[in-house]
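The sequence and structure come before the details.

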Amino acid sequence: RRIQGRLRPHDTVARLGGDEFAILADRIEHEPAAVALAERVMDALRQPLRLAGTEVVVGASIGITFSAFGYTDADAMLRDADTAMYKAKGDGRARCALFDSGLHAAVSDRLRLEGELRRAIDDGALGVQYQPLFELDQGRLAGFEALVRWPHPRDGLLAPDRFLPMAEESQQMERLTDFVLHCACRQLRQWQVSNPALAGLGISVNVSGADLASPAFVARVSRALVESGLPAQQLTLELTENILMARYDEASRTLAALRQLGVHIALDDFGTGYSSLSHLAQLPIDSLKIDRSFVSQLAPGADQAAVVAAIIQLGQTLRKGVVAEGIESADQAQQLRALGCHFGQGYHLGTPLTAEAAGAWLQTRGATLH
Ligand code: C2E
Ligand code: MG
Ligand code: MG
């Protein structure tokens, strides 16, 4: 009734189901008129209503499309209005958005990519690259970080930022993590078996918020360890501060259980998120990875150098390991060493390598940087 009250007599409103309504507005002259109509409707819906003695406020997101696109059936028109509505939702609550054909292309592109990712995970077609991690003072190899890649048949090798957000939204993150986890544990174990000098190396795997929220996560990690034969102490799970803080209670329980298994935990991209320092002392975290945005600006006397020094101090005081990420020059490595940073990773020391390349590199260079 509220919606109807804001429409013109010849407009039609219908409830499609659930909380979805459609308005067929006849004789709209131009886009601004459609937007003005949508705003009138949103305004009507914004007014609070009383429900069982409580004031409740609802909002609406509105998607708009136009018959001028030449629709021949109602379904196609509703689909496009729906697509625009999801865009409105994505832009923030209580907004309206107009459909255009670019939107349609973007949506079908995305759906296609989602399906392709699902199949790639099913088929074990994702790849893992290994970036070495070093002890900075001795230059000794400490282990590798496993980084997922998607060799896409048409678009080439895709980096995680191209598909991780989509994996997250389409609930594929846990399967992705399992794939990387198993691959990485098996790979390290294989290197160790073929060369006993590598027995002390560790492997780091990045995990997502979905993993931390999954009740089966500890069992999943344990299975990867059992199946690969890798000792738990040689596996480090990396998570960002924001993942941790978003689900603090759940996360601290899960981390405690992982610790019980013997797995190490690292806080990734440290310094860029929202972790509270009081939590940091209590959480079962073994190391902090200083985000590369700090490392890249290291210069003697620079403010960033003071921040890095403070993080290293903090890590030492809390008896946590400190790893510097994104070291791109000898100068940065030298400064970090001087500041007492234990571990380092970055293009200057070693780029991410395919399993074959990393295996060959291990054979020729041994386990030292020099
Ligand atoms: P991260 O865990 O902080 O990984 C470090 C990223 O920095 C990697 O990018 C690495 O290739 C890049 N990097 C390393 N050294 C340097 C350097 O010297 N300079 C610069 N500019 N970059 C450097 P990548 O592989 O694109 O991964 C990006 C992010 O995606 C990762 O950040 C991690 O958060 C996420 N990610 C990667 N693999 C996985 C995975 O298997 N699972 C999950 N959940 N996340 C993953
Ligand atoms: Mg990481
Ligand atoms: Mg990082």
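Which exposed residues does the face of helix 10 turned away from its buried side carry? That face carries D249, R253 and Q260. Exposed means over 50% relative accessible area, buried under 20% and partly exposed in between, with a 1.4 Å probe and protein chains only.

The model is predicted: local features need pLDDT of at least 70, side-chain atom pairs count only at pLDDT 80 or more, and totals for chains, interfaces and linings use all residues. Residues are numbered from 1 along each chain as its sequence is written, chains are lettered from A and ligands numbered from 1 in the order in which they are written, and side-chain values use heavy atoms, with hydrogens and water left out.

Helices (H or I, at least four residues) and strands (E, at least two) are DSSP runs, numbered from the N terminus. The buried residues of helix 10 include Y248, A251, T254, L255 and L258. They lie on the same side of helix 10 because they cover an arc of only 130° around the axis, the arc being that of the directions from the axis to the C-beta atoms. Just after helix 10, G262 has a positive phi of about 105°.

The magnesium ion (ligand 2) is coordinated at 1.9 to 2.2 Å by E145 (OE), N206 (OD1), E238 (OE) and D268 (OD). Donors are N, O and S atoms within 2.8 Å of the metal (3.2 Å for Na, K and Ca); water is not among the atoms, so sites may look incomplete. E145 lies in strand 8 (residues 141–152) and E238 in strand 11, so the pair ties together parts 93 residues apart in sequence.

| Donor residue | Relative accessibility |

D268 bridges the magnesium ion (ligand 2) and the magnesium ion (ligand 3), which lie 4.3 Å apart.
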